[in-house]
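Keep the model in view as you read.

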Amino acid sequence: MSEESAHQKVALVTGANKGIGRGVAEQLSAEGMTVVIGARDPLRGEEAAAALRASGGEAYSVTLDVTDQVTVREAAKQVGERFGRLDVLINNAGITGSGHVSPQDAHDQVPSSVDLDMVRAVFETNVFGVIAVTNAMLPLLRRSPARRVVNVSSHAASLALTVDPDGPFTALLPSAAYSPSKSALTALTVQYAKELQQDGFLVNVAAPGFVDTDSNNHTGFLTIAQGATVVVRLATLGADGPTAGFFSEEGPVPW
Ligand code: NAP
């Protein structure tokens with residue numbers, strides 16, 4: 001048995017108490033990974049972990065608010081004490097900034113009139129939170145023989161799609177918060193991939209598609225399971241898999 005398959009893999013998913021993160025946790029659990037549910041509300045995190053255990057999986061929950069360094073550090077400590085390592089990190093937690101309005105329909109994201117505090121809050125979660133969690137988990141990931149990091153971005157992050165006159169976003173409102181935060185996340189992913197490539201990490205960014213969740217008031221047309229698929233695929237790449245890539249289920253997404 002290779003070193004990679006000699007142990008049951010451990011995956012941490014942020015924002016896994018509901019939505020796409022929960023779907024990813026379910027699929028990783030079904031693949032036999034031990035799953036750590038990161039949730040800012042411990043009760044809802046434990047409820048999601050208990051549901052995975054009831055389905056036969058091995059699952060735990062940790063309290064994790066990606067904007068709160070105390071919980072980030074404590075979550076890393078707990079994962080380290082329980083498992084001694086981490087194989088897969090899924091940075092899924094994210095906010096639109098406009099409540100349950102789909103960001104491309106949100107009038108409060110229009111650049112010329114946007115509330116700067118809202119932009120800051122969105123970047124705090126969607127970008128700075130990813131740096132905080134990734135850096136806290138890196139020492140644990142370095143102890144894994146198969147290090148995978150997946151950041152959950154969006155097609156809205158794609159500058160090429162945004163400016164394409166025949167692209168999917170032409171009819172939608174411009175956004176100064178959510179879309180730029182996801183563009184920053186894709187850029188950040190490439191920088192992490194570049195730094196960590198020599199250490200055997202595969203670091204990629206996923207666009208799940210328009211998924212039926214609370215974040216868009218259930219206007220998305222994909223199921224959570226469909227949206228989770230590309231994230232899971234990137235989390236379970238073989239050693240010869242890509243790094244520094246931006247993928248949807250249909251294939252590479254243009255930057
Ligand atoms: P969702 O159902 O609203 O779930 C978002 C999750 O993130 C929740 O668990 C939420 O926790 C958590 N979260 C938010 N802020 C957090 C923080 N500071 N610390 C820790 N967790 C936090 O939304 P979703 O649609 O599944 O979104 C998941 C990811 O997919 C996001 O990054 C989103 O941008 C991305 N995405 C979604 C779509 C789509 O169509 N749905 C499309 C492209 C990309 P609470 O329950 O405590 O709020």
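H3 and H4 run roughly parallel to each other, a label given to angles under 35 degrees, with over 145 called roughly antiparallel, 65 to 115 roughly perpendicular and the rest oblique. Helix H3 covers residues 69-83 and helix H4 residues 116-141; they pack at an angle of about 20°, and their axes lie 9 Å apart. Helices here are DSSP runs (H or I, at least four residues) numbered from the N terminus, while axes are lines fitted to C-alpha atoms over the stretch in contact, with angles from 0 to 180 degrees between N-to-C directions. This is a predicted model, in which local features need pLDDT of at least 70 and side-chain atom pairs count only at pLDDT 80 or more, whereas totals for chains, interfaces and linings use all residues. Residues are numbered from 1 along each chain as its sequence is written, and side-chain values use heavy atoms, leaving out hydrogens and water.

In contact, meaning heavy atoms within 4.5 Å, are H3 residues including Val72, Ala76 and Val79, and H4 residues including Ala132, Val133 and Leu140. These contact residues comprise nine nonpolar, two polar and no charged; Ala, Val, Leu, Ile, Met, Phe, Trp, Tyr, Cys and Pro count as nonpolar, Asp, Glu, Lys and Arg as charged, and the others, Gly among them, as polar.

H4 also packs with helix H6 (residues 178-196), at an angle of about 20° and with axes 8 Å apart. H4 is therefore roughly parallel to H6, and this crossing is right-handed.

Notes:
Helix = DSSP H or I, 4+ residues; strand = E, 2+ residues; numbered from the N terminus. Left-handed = near helix turned anticlockwise from the far one by under 90°.
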